[in-house]
Amino acid sequence: MNHIAIFIDAENLTNWVKNNGVQSLMDELLPLGQIVVRKAYGKWSTPQLIPLQSALNENGFELVHTFHPVSGKNSTDIKMTVDTMEVALDSQVQWIVLATGDSDFSPLFRKLREQGKEVIGVGPKSPLSECVKNSCSRYIYTDDATAADDDSGDEVADAKERANLIVSEKIDSMEMLRSVLQKEDGPIALAAIKPKMLGLDNAFNEKRLGFKTFKDFVKSADFVQMTDVGGGSYMVALAEQKVAVEEDAQMVLAKALKRKGWDMFPRNMLKKIYAEACDLTSFVPMNKQDLVQEIVAKNIAGTTSSIINRALSTFFKAKLVTISGGDDKLWTVTETNQYWKEIDKAMLDRLRVSLKETGQKVPKKDIVSILYGKYADGEAEKLV
């Protein structure tokens, strides 16, 4: 049986620990082997960490108290690094789990991999976490895909944010599944698919997308044919024709848009990327690659460099970008209070074409529900 060691930076991941994140992590690790080392680090006398001690104790964690004699110096990072290397060098632990949410640990992750250890990183989805993610065997996001929020505090807007985020991630995961199946000469065992998907994205997790099992995730794809071969085993292949699956209207619309190269994003995320892009290019235009990297440095929660790149393409398709500089293709993102309307118009143009090509009919109210803009009564219906 594999031996597992878990090290948690409770100061960096306070909300995750408070919201039952540790128990969820341990449930996720259960199939890998036996957890033999459990340590959580922090200055346990601080008011934010005192309420966490009980839950960590109940889960068998040793609470390692770290002092901060000098402001700005994180002794937790140093103590975690020392303890992790000690376990890696002096024990038979095969898997090391570092729950930190801190990109400063990247060198430690790489060193552990060099020593032949399997490393799991745990932290929020952000551009900084992508740096750590690429140094891990697997990565587990602490922020649930269904837990996005909106600046407005409006419950309806909040629900829409969550729906947009989960649909967007489902679409990306479905494309990854299709890519795996397209590379096979014929049917492949269901059990062999997930390792291949983790090879493409080591943070893939069907539970994050709302599926109880990986089998449920695969069955939800309309391009998949699944055959029961007995004994609880299944073979999976690309279907010769579209398979009938139950999908909500938002997923139908998202897939129709994807066929025309249009990605759906949570409104609040797109709003933040747009604001940064306008600010960065307002005085000095820059090429797209540099613009992506500048926005990555802002560390907008829930984004990655790929998401930012695709969001900028959305602004371009909505004619909110001016290109100058000849071959250099320098971007200036136009700042306007009508940007949501321009994005919605570009999205609707592509949606009309896609639905017409497939002969699909979607109620107007469902199309209105995916618009980004907040319109007066009747204006959204008129736009659609």
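**A few notes on the predicted model**

1. Start with Phe 204, which is buried, with a relative accessible area of 4%. Keep in mind that this is a predicted model. Phe 217 is buried too, and Phe 214 also counts as buried, at 10% relative accessibility, because the cut-off is under 20%.

2. What do the aromatic rings do here? A search of the whole structure turns up 11 aromatic pairs.

3. Phe 204 has another partner to look at. Its ring centre is 5.2 Å from that of Phe 217, and the planes are at 55°, so this pair is tilted. With Phe 204 in the loop between H8 and H9 and Phe 217 in helix H9, the pair ties together parts that are 13 residues apart in sequence.

4. Two other aromatic spots are worth a click. Tyr 274, Phe 315, Tyr 339, Trp 340 and Tyr 372 make up one aromatic cluster. Over at Phe 223, the charged end of Arg 178 sits over the ring, 4.1 Å from its centre.

5. Now for helix H12 (residues 288-296). Which of its residues are buried? They include Leu 291, Val 292, Ile 295 and Val 296. These four cover an arc of only 140° around the axis, which puts them on the same side of H12. Among the elements covering the buried residues of H12 are helix H6 (127-133), helix H11 (267-281) and strand E10 (286-287). Helix H13 (305-317) and strand E12 (330-333) are also part of that cover.

6. Have a look at the N-terminal end of H12 as well. Asn 287 caps it, with a side-chain oxygen 3.2 Å from the backbone nitrogen of Gln 289.

7. Last, Asn 59, which you'll find in the loop between helix H3 (53-58) and strand E3 (62-65). Is Asn 59 buried or exposed? Its relative accessibility is 14%, so Asn 59 counts as buried. The Asn 59 side chain reaches the backbone oxygen of Ala 55 at 3.0 Å. Leaving aside residues up to four places away in sequence, Asn 59 touches Val 22, Gln 23, Met 26 and Arg 38.

Notes
Residues numbered from 1 in each chain as written. Predicted model: local features only at pLDDT ≥ 70, side-chain atom pairs only at ≥ 80, totals over all residues. Heavy atoms only, no water. Buried < 20%, exposed > 50% of the residue type's maximum accessible area, 1.4 Å probe, protein only. Helix = DSSP H or I, 4+ residues; strand = E, 2+ residues; numbered from the N terminus. Arc of directions from axis to C-beta. Contact = heavy atoms within 4.5 Å. Polar contact = N/O pair within 3.5 Å; in protein donor to acceptor, adjacent residues only side chain to side chain. Phe/Tyr/Trp six-rings, centres within 6.5 Å; stacked < 30°, edge-to-face > 60°. Lys NZ or Arg CZ within 6 Å of the ring centre and 35° of its normal.
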